[in-house]
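Subject: Structure for you to look at

Hello,

Here is the structure we spoke about. Please open it first and then read the notes below.

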Amino acid sequence: MAEHEDHKDYDYIIVGAGTAGSVLAARLTEDPAVRVLLLEAGGNHIPANVDQAPLWFTLLGSEVDWGYTSVPQPALGGRSTYEPRGKIPGGSSNLYIMMHVRGHPSDFDAWAYQGAAGWSYEDLLPYFRRMEDQEDPRGPETGVGGPQVVTNAGAHRPNPLSRTFIDACVELGHTELDDFNGSRMIGAGWHHLDARDGRRRGALVSYLEPALNRPNLTLRTGAQVSRLVVEDGRCTGVTYVQQDVAPAGEGRTVPNAGPGEPGEHTVRAGAEVLLCAGAIESPKILLLSGIGSPDQLRPLGIDVTDALPGVGENFHNHVLTGLIAETAEPVEQGHQNLSESALFATSRPGMIAPDLQIAFVHVPFDIIVGQQHPNAVSILPGVVRPNSRGTVRLASADPFAKPLVDPNYLGDRSDVERLVQAVKLSRDIFATSAFKEHLKGELLPGRDVRTDADIERFVRERADSYHHQAGSCRMGIDDLSVVDPDLKVHGVRGLRVVDASVMPAVPSGNCNTAIAAIAERAADLIKGDV
């Protein structure tokens, strides 16, 4: 394959046009003197169902999904889990379920306590506010006028059973909240959504597309990065392979974007390379570039450029399972994201932040059960402060081989016990008088699952990815951290990682909002405005 050497036409090269990459591209190119190249492995065709909020589930396994699977998970009986990630401009913000959840303040304070100075909730609050344009401001901590539209699910024709779910939680003694992003997070209420009028408002629409008419931003799609160029301890550019990604089905084309000349290219950055490929691909690219543990790299024939043992460690994810109940009447069709209300709860008294998220979904989440019982609703109980930690490893030195993804779900006993508890709480919600007239009976787990031992077997058979992969390039100051608090890779100049992989611990809730805030603050760090 021919290799083409490009000149230093760019100040910054951003690898990955997902949530973080889109935010960085938009913010950095606000300065017309700054030249940015944004490389995205996916194509520039946006399928029609990306923009339609109720159809998010149809994107899983589609041509815009990387379609990762985990290695067999010992605590799940050797099952492999499906790990979707967006392969398209806008990244996984085109696949996620559009909940706008910042996370609990203590999530970010814990990052700072562990050595990530500057990443407390107070430090991040201005960036949450800067990104948001919330339709129902709840006080001075709410953001208005930002690029990210945020609507209240309860104000836009919600499914009536979503209200019933909140009533059921209140019946059990849980507090009803106005906003999970307010001063309290423990309680039940309506989600705020990155959507409006039934249309998704992800990073593509909110950040990237408005910036693509700037002459100082170049987006190349179908461009898969194979390695970083590191010379004398500095990252000076990247090598990528330009591929032709053919569009499929109805949809639209990202404006001012498209593939470059076919073949392998090396392109140079005058200032920095910004790795925004996500918690699975970012460590993979670092490892392919010789940045990682020598014990892993040398057997694969990869020369070590920076001995950094933490690359690919600390990988983790929220973990969930699901209950389904059949309804007495047909379920009204969804107009929004199908999951409009939720409960954040604690597994024991005295905790200051939620470690359980109980999401209500007004469709049967299991396809097979849904085919047999189309009029059904689901509760998805999940552990959102997991203690289990896994890894991301190279399968080979082939840059196009998918990495070995090991979330180690339920590897820590506490995660098993809390997920069992969350299932029991979900059953209590379905058993309330609020739901009594609406439900005919439980379909999953079913009557045969009674004891705690039965429920544990069920969750091991049914536990799955929450699609919130994080932590594999952790920021900090210790020997196993990968980036410092400025998100600069230890030991390599001119290189930062900006995405969910830098999170020391995933926040207590859906994490797209926190990823955008990380990128907002990273843009200021890069500009020298912090």
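Why are Phe108 and Trp111 separated by about one helical turn? They are three residues apart in helix H2 (residues 105–113), and therefore about one helical turn lies between them. An α-helix has 3.6 residues a turn, so residues three or four places apart point the same way.

Some ground rules come next. This is a predicted model, in which local features need pLDDT of at least 70 and side-chain atom pairs count only at pLDDT 80 or more, while totals for chains, interfaces and linings use all residues. Residues are numbered from 1 along each chain as its sequence is written, and side-chain values use heavy atoms, with hydrogens and water left out. Helices (H or I, at least four residues) and strands (E, at least two) are DSSP runs, numbered from the N terminus. Buried means under 20% relative accessible area, exposed means over 50%, and partly exposed is in between (1.4 Å probe, protein chains only).

Aromatic rings

The whole structure holds 10 aromatic pairs. Rings of Phe, Tyr and Trp (its six-membered ring) pair if their centres lie within 6.5 Å; planes under 30 degrees apart count as stacked, over 60 as edge-to-face and the rest as tilted. Phe108 and Trp111 make an edge-to-face pair, 5.1 Å centre to centre with 80° between the planes. Phe108 is buried at a relative accessible area of 0%, and Trp111 is buried at 1%. Phe360 and Phe435 form a tilted pair, with 6.0 Å between centres and 40° between planes. This pair links distant parts of the chain, since Phe360 is in strand E24 (residues 356–361) and Phe435 is in helix H10 (residues 433–436), 75 residues apart. Both Phe360 and Phe435 are buried. Ring pairs also join Phe108, Trp111, Tyr121 and Phe128 into a cluster.

Two charged side chains lie over rings. The cut-off is NZ of Lys or CZ of Arg within 6 Å of the ring centre and within 35 degrees of the ring normal. Lys402 has its charged end over the ring of Tyr68, 5.8 Å from the centre. Arg521 is over the face of Trp119, 4.6 Å from the ring centre.

A nonpolar core is a set of buried Ala, Val, Leu, Ile, Met, Phe, Trp, Tyr and Cys residues joined through side-chain atoms within 4.5 Å. The largest has 90 residues, and Leu24, Val238 and Leu286 have the most contacts inside it. Helix H12 gives the most to this core, with 10 residues. A second, separate core of 41 residues includes Val383, Leu419, Val423 and Ile455.

In H12, 15 of the 16 residues are buried.

Helix H6 (residues 278–288) has 11 of its 11 residues buried, so it is largely enclosed by the rest of the structure. Gly290 follows H6 and has a positive phi near 85°.

The UniProt annotation "domain: Glucose-methanol-choline oxidoreductase N-terminal", from an unreviewed entry, covers residues 278–292. UniProt positions are given in the numbering used here, feature names are shortened, and annotations may be inferred rather than shown by experiment.

Regards
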